[in-house]
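Biologist: I am new to this one. Please walk me through it, feature by feature.

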Amino acid sequence: MPPFNLDNSGGCNTYVGAPWLSEADIATLTTWAQAGAPAGEIAGRPSRARLSGGSIAST
């Protein structure tokens with residue numbers, strides 16, 4: 001983390017071409033979080049990956 005606050009003003013303390021969230025995106029995320037961060041549609045989720053050996057460390 002930089003030792004200063006970043007913004008999207010184009011001056012000092014900014015990243016060129018940084019993908020900042022729009023105010024509408026921030027409002028959407030805020031509304032979702034305030035609603036208790038509900039899960040999305042279950043039907044559209046991919047199935048969980050199955051690990052052979054039962055551990056990610058298994059080879």
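Biologist: How many helices and strands does the protein chain have?

Modeller: Helices (H or I, at least four residues) and strands (E, at least two) are DSSP runs, numbered from the N terminus. Here the protein chain has 1 helix and 0 strands. This is a predicted model: local features need pLDDT of at least 70, side-chain atom pairs pLDDT 80 or more, while totals for chains, interfaces and linings use all residues. Residues are numbered from 1 along each chain as its sequence is written, and side-chain values use heavy atoms, without hydrogens and water.

Biologist: What should α1 span?

Modeller: The expected span is 1.5 Å times one less than the number of residues. For the 12 residues of α1 that gives 16 Å, and its end C-alpha atoms are 16 Å apart, which agrees.

Biologist: What percentage of the residues count as buried?

Modeller: Buried means under 20% relative accessible area, exposed over 50%, partly exposed in between (1.4 Å probe, protein chains only). Of the 59 residues of the protein chain, 0% count as buried. Leucine 29, in helix α1 (residues 23-34), is partly exposed because its relative accessibility is 44%.

Biologist: Which residues form a nonpolar patch on the surface?

Modeller: Leu21, Ile26, Leu29 and Trp32 do. Patch members have over 30% relative accessible area and no salt bridge; like charges are joined within 9 Å, nonpolar side chains (Val, Leu, Ile, Met, Phe, Trp, Tyr) within 5 Å. A salt bridge puts a side-chain nitrogen of Lys or Arg within 4 Å of a carboxyl oxygen of Asp or Glu. Together the four have about 380 Å² of accessible area, by the Shrake-Rupley method with a 1.4 Å probe; for residues, only the protein chains shown count as cover.

Biologist: Which residue just after α1 takes a positive phi?

Modeller: Glycine 36, at about 95°. Alanine 37 has a positive phi of about 55° although it is not a glycine.
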